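Please look through the sequence and the model shown below before reading on.

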Amino acid sequence: MPSDRPAAAGRRSAPAFPASSVALAAGVLAAGATFGAAGAWAATTATFDVTATVTPGCLVDGLGSSGNAGRVGTLDFGTVSTFSTQQRRATTTTGQAIRLRCTPGVNLIMTIDGGTHAASGQRNLQRTGTTTARIPYALCRDAACTLPIVAGTAYGNSIGSTNSEDVRLPIFAALTPSGTMPPGTYTDTLTVTLTW
């Protein structure tokens, strides 16, 4: 039976795409495959240490860069009569002017020089305005003054948990006036060196 349709009318062919469009689609698929592979990589981790070392020591409040802590305190023998021969004592432990803090167990070493007016190893107070009027005195590590502090000799001080926040330097002094000294003000200056 003759047909009115053209012979090719019953068949549909696939739509034609330009070659450039096909190439573009293929490129997108390839890029997607590349990103998928990157997301599958495993992360690499590593560790490193952080450390600090704390050493024992001491702190002198108010200590400047020069290392000079100023005045430790004053050894004040008070007012003495010209005719007095009575022994006098003094200490810096109650009126210490600096605050010294140390780690418990630290080895604090104290050394004291001979003073401004020392002669033949003897510390002396000297009357203001003269170089001849002097009163010899002794430094000690105990209140009874039985443990002398020899000029230039190093002495250790025990630092425990009870005194570590307010270390007192055990400096005591004693003098016995001759009873014949001219009136006036007698002074001396000592230098204390602390090491730890």
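## The chain as a whole

Of the 196 residues in the protein chain, 24% are buried, where buried means under 20% relative accessible area, exposed means over 50%, and partly exposed lies in between, with a 1.4 Å probe and protein chains only. This is a predicted model, in which local features need pLDDT of at least 70 and side-chain atom pairs count only at pLDDT 80 or more, while totals for chains, interfaces and linings use all residues. Residues are numbered from 1 along each chain as its sequence is written, and side-chain values use heavy atoms, with hydrogens and water left out.

Read from the N terminus, the order of elements is α-β-β-β-β-β-β-β-β-β-β.

## An open sheet

An open sheet is built from 5 strands in the order β2-β8-β6-β5-β9, with antiparallel pairing; two strands pair if DSSP finds at least two bridges between them. At the edges stand β2 (88-91) and β9, each of which pairs on one side only.

Within this sheet, β6 and β8 (residues 172-175) pair in the antiparallel sense over 4 bridges. One of the residues involved is A138, whose bridge partner in β8 is A174.

## Two disulfides

A search of the whole structure finds 2 disulfides, each defined as a pair of cysteine sulfur atoms within 2.5 Å. Counted along the chain, the bonded cysteines follow the pattern 1-2, 3-4. In the disulfide of C58 and C102 the sulfur atoms are 2.1 Å apart, and the torsion about the S-S bond is about 110°, so this disulfide is right-handed. The pair links distant parts of the chain, since C58 lies in strand β1 (residues 58-60) and C102 in strand β3 (residues 100-102), 44 residues apart. Both C58 and C102 are buried.

The other disulfide joins C140 and C145, with their sulfur atoms 1.7 Å apart, and its S-S torsion of about 65° makes it right-handed. C140 is buried, with a relative accessible area of 2%, whereas C145 is partly exposed at 23%.

## The largest pocket

The largest pocket has a volume of about 1,200 Å³. On a 1 Å grid over the protein atoms alone, a pocket is an open set of points with protein on both sides within 12 Å along at least five of seven lines, and lining residues have an atom within 4 Å of a point. Grid points are joined across faces, edges and corners, and the volume is the space filled by probe spheres set on the points. Of the 43 lining residues, G73, T74, L75, D188 and T189 are the closest to the centre of this pocket.

At least two lining residues come from each of β6 (134-140), β9 (186-187) and β10 (192-195), and β10 gives the most, with 3 residues.

## A residue in β10

T195 is found in strand β10, and its relative accessibility of 39% means that it counts as partly exposed. Leaving aside residues up to four places away in sequence, T195 touches N107, L108 and I109. The C-alpha atoms of T195 and C58 are separated by 8.8 Å, although these residues are 137 residues apart along the chain.

Note on methods
On a 1 Å grid over the protein atoms alone, a cavity is a set of points where a 1.4 Å probe fits but cannot get out, and a pocket is an open set with protein on both sides within 12 Å along at least five of seven lines; lining residues have an atom within 4 Å of a point. Contact means heavy atoms within 4.5 Å.
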